[in-house]
Amino acid sequence: MSTPETSRFVRLRVELVLEVDDVDAVTEAALERVAEDGEMADSERAHAESAVREDTAEALAYLVDPFDLVGEVPGVELQQASWSSELIDYDPDSPDWDLDEDDGGEDYEEDGDDGERASH
């Protein structure tokens, strides 16, 4: 009897809903992160700073990094990650927010530039 080959790659989906209590603190932290990014071109930095000042969700995209979630997990290497953020209307009592609900196999991978990054 042969053993079926399995993929070594795993897609881990995480969905978070955050409540922002202090917009100024989030914005300031994101501006600091942008300023510390030595690989960012000046034109990109100006665009990022503007986006962070105008949109709290954009600021969070600069602060929350999937690499940080798995960086210390033994035996794994992050191959690729993408994420996005958006302001939403949230009602924790609504059945639309049932996290245990089957997603029907839909692909939630986000494309866009709302903080999207890939590993090198």
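Thr56 lies in helix α3; helices are DSSP runs of H or I with at least four residues, numbered from the N terminus.

This is a predicted model, in which local features need pLDDT of at least 70 and side-chain atom pairs count only at pLDDT 80 or more, while totals for chains, interfaces and linings use all residues. Residues are numbered from 1 along each chain as its sequence is written, and side-chain values use heavy atoms, with hydrogens and water left out.

Helix α1 (residues 23-36) and helix α3 (residues 56-63) have axes that come within 9 Å and cross at roughly 50°. The pair is therefore oblique, the class left after roughly parallel (under 35 degrees), roughly antiparallel (over 145) and roughly perpendicular (65 to 115). On the α1 side, the contact involves Val23, Val26, Thr27, Ala29, Ala30, Arg33 and Val34; on the α3 side, Thr56, Ala59, Leu60, Tyr62 and Leu63.

Accessibility is classed as buried under 20% relative accessible area, exposed over 50% and partly exposed in between, with a 1.4 Å probe and protein chains only.

| Residue | Relative accessibility | Class |
|---|---|---|
| Thr56 | 16% | buried |
| Val14 | 53% | exposed |

Val14 belongs to the segment before α1. The C-alpha atoms of Val14 and Trp83 are separated by 9.7 Å, and the two residues are 69 residues apart along the chain.

Definitions and conventions. Axes are lines fitted to C-alpha atoms, for helices over the stretch in contact, and angles run from 0 to 180 degrees between N-to-C directions. Helices (H or I, at least four residues) and strands (E, at least two) are DSSP runs, numbered from the N terminus. Contact means heavy atoms within 4.5 Å.
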